[in-house]
Amino acid sequence: MLRPTGKQYVVTRPLYSEDAFADEHAKVQSNMSCCLIGFWNSKRVKNAALSLLPIVGWMRIYRLKEWLLSDIVSGVSTGLVAVLQGLAYALLASLPAWYGLFTAFFPVIVYLFLGTSRHISVGAFPVLSLMVSAVVTRMVPDEGSLFNITGFQGLSIEEQRVMVAASVTFLMGLMQLAMGLLQIGFIVMYLSDTLVSGFTTAAAVHILVSQLKFVLGLEVRGLSGPLSIIYTLQKIFVQIEKTNMCDLATSLVIMVVVFLVKELNDRYKAKLPVPIPVEVIMTVIACGISYAFDFKEKFKVDVVGHIPMGYESPVAPNMEIIGHTAVEAFPMAIVGFAVAFSVAKVYAVKHDYTIDGNQELIAFGASNIFGAAFKSFAASTALSRSAVQESTGGKTQIAGLISALIVMVVTLAIGFLLEPLPKSVLGAVVIVNLKGMLMQVCDVPYLWRRDRPDCVVWLVTCLASILLGLDLGLAVGLGAELITVVFRTQFPRCSVLANITGTDIYKDRKDYVSIYEPEGVKIFRIPSPIFFANIDFFRGKLVEVGFNPLRVLRKRNKAMRTIRKLLEKGELQMLPVSSNMEDLDKPIDFKDLPLRVNWNSDLPANIQVPRVDVHSLILDFSAVSFLDISALKGLKAAIKEFIWVEVEVYIVACDAHILEKLHSCMFFDEDIKSSMFFLTLHDAMLHVSEKHPVRSENTNYLTKVITPHTVL
């Protein structure tokens, strides 16, 4: 019974062990047949069908008069940015610029129907573009392909690179689609925010270095593999005197203006109806100036060049290329989904709707497969482009559709207007947009102060990704992250608890002043699962509670044998003694002996046995989420060691599933009984206080026990 009294409460209930509670309170019996029938009702089937086409769900609630204009304005703004970023990120992927327009169109159309996020802008993402570039330059370096691929025959280097990018994108999409259909979207949870932050920071460094050749107007061939960033910087500095000053000046002007206007957009975003599209404005101005002053001929500036009108015929992926790029495709699939899902979650929380991780995998998988057929490269989302779509009033993926239509207009009709655009302008725009990723370095001091293992993961991931490349760096970072998880669970911070005076609350005795510790009682808490890797650590920490039960048991057995030898009278029935030293680890059966020893008193003949001042040991299992078989065996052995030295062991707050597992694995026997499990820590403490109200002091080291063999 619960009686609240102001800010206090009084509870009156029986003292419960797990057995007593189970006897008094029956559990609900599940009926699987009813569950199966209910599972396949029409409503569930309808929801399952609608989940595959999320567009049906949000189109049914679409507010035409309120949302359409906002979506159109947002779509136009996003489309202009998507055109510019598509061109820039295609160069980042070591592909002809116009292929970025394909990536800004085809994946968007598929995601419109299958995606659950209403606000992200699908298309090229700089980190993925860089990963595509690593594959492309490995398979098709500037000197020509090093692989004997049948499909490369008769193709130029650019066409070969497009084929490689499309094939690896197809494989990436296939992996994402398979993970979505198999409902394993949870795999992205293994990429922590810290790991992703370190990885994207390293990617920003790679992107920055890769764009220097455009900003400086140098010819530097693409490199991939470990230490490629070092070799690239070396090649840039070797020919730094060949810098094209027109390219450098143009880039610096673009970067300064875009940076300042972006800062103004951030500062006055509450007052501006829409952010100023400074990248688009500066691109149009630069394109016009380049055309008017003929930068290409007069200043030898490298420009975008010819942009073919229209779309190319769909092609099938090259299976030979897929066989050579499977290792790179998997991290691309994971990174592409992880970034998009993280951005989608932010906007879903902000606008109060839900997204489905597995459906997002299906959507991006299908988008990349469809896009690869039309020679687009890996698609995800870019934070800056998604921010434009959301901040300009976008409500649904109708804005994405409008942006795709803007891209289509450029591709089919006015793409030629971008032909005089200097590549240095695109490189400058890419570098300015790296600010957010590069500023993540500022997180390192905070992480070092708050959580050093997380800081180590950040540093290892970042440095490995910079030096070894993004694919190997991600693997190293994931390995470092898993190692920290293993160490946290293998070596948890165990504690000895004490009662907070006047309450039923128990806390670490080191942290509080006003505590109560009953004499002879120890409460031990382990705040992690117990499994094969930490069971020995767990048992070692138990020994630190006060004593080593196995050592005490051996000493007592030796002492008992000595006492037996001192008993020379024939009135006592003696048991045979084995000389096998292994028996010292087992308790001697005292039931048939005519005496009982008080081991905490002074023993005869200078026999020394360690004193045991603990009569009850309580194990708090409230934070133990699972036990494996190895841990179960180790736990059973540890409990038996304490029981054999006459220490009562209790386990409290044990999860019901763990308790069921203990029963099914034959954990209980004549020493370990289910009555030792209690519902709460306070229940166990009350039970112990009833059983041991006052510590008994007995100076007699032998107490006669009446047996048929005892002579009175």
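1. Let me start with helix 26, residues 629-644, in this predicted model.

2. Staying with helix 26, its buried residues are Ala 631, Leu 632, Gly 634, Leu 635, Lys 636, Ala 638, Ile 639, Lys 640, Glu 641 and Phe 642. You will spot that Lys 636, Lys 640 and Glu 641 are among them. Just after the helix, Glu 646 has a positive phi of about 65°, so do have a look there while you have this region on screen.

3. Now to the largest nonpolar core, which holds 114 residues; Val 127 and Met 332 are the members that touch the most others. Helix 15, residues 319-351, supplies the largest share of this core, with 16 residues. Leaving aside residues up to four places away in sequence, Met 332 touches Leu 128, Met 131, Val 132, Val 135, Val 168, Met 172 and Ala 378. Another core, of 36 residues, lies apart from that one, and includes Leu 617, Val 624, Phe 642 and Phe 677. Phe 642 is also one of the buried residues of helix 26.

4. A word on confidence, to finish. The protein chain has a mean pLDDT of 85, with 88% of its residues at 70 or more.

Definitions and conventions:
Residues are numbered from 1 along each chain as its sequence is written. This is a predicted model: local features need pLDDT of at least 70, side-chain atom pairs count only at pLDDT 80 or more; totals for chains, interfaces and linings use all residues. Side-chain values use heavy atoms; hydrogens and water are left out. A nonpolar core is a set of buried Ala, Val, Leu, Ile, Met, Phe, Trp, Tyr and Cys residues joined through side-chain atoms within 4.5 Å. Buried means under 20% relative accessible area, exposed over 50%, partly exposed in between (1.4 Å probe, protein chains only). Helices (H or I, at least four residues) and strands (E, at least two) are DSSP runs, numbered from the N terminus. Contact means heavy atoms within 4.5 Å. The expected span of a helix is 1.5 Å times one less than its number of residues. pLDDT is the predictor's confidence in each residue, from 0 to 100.
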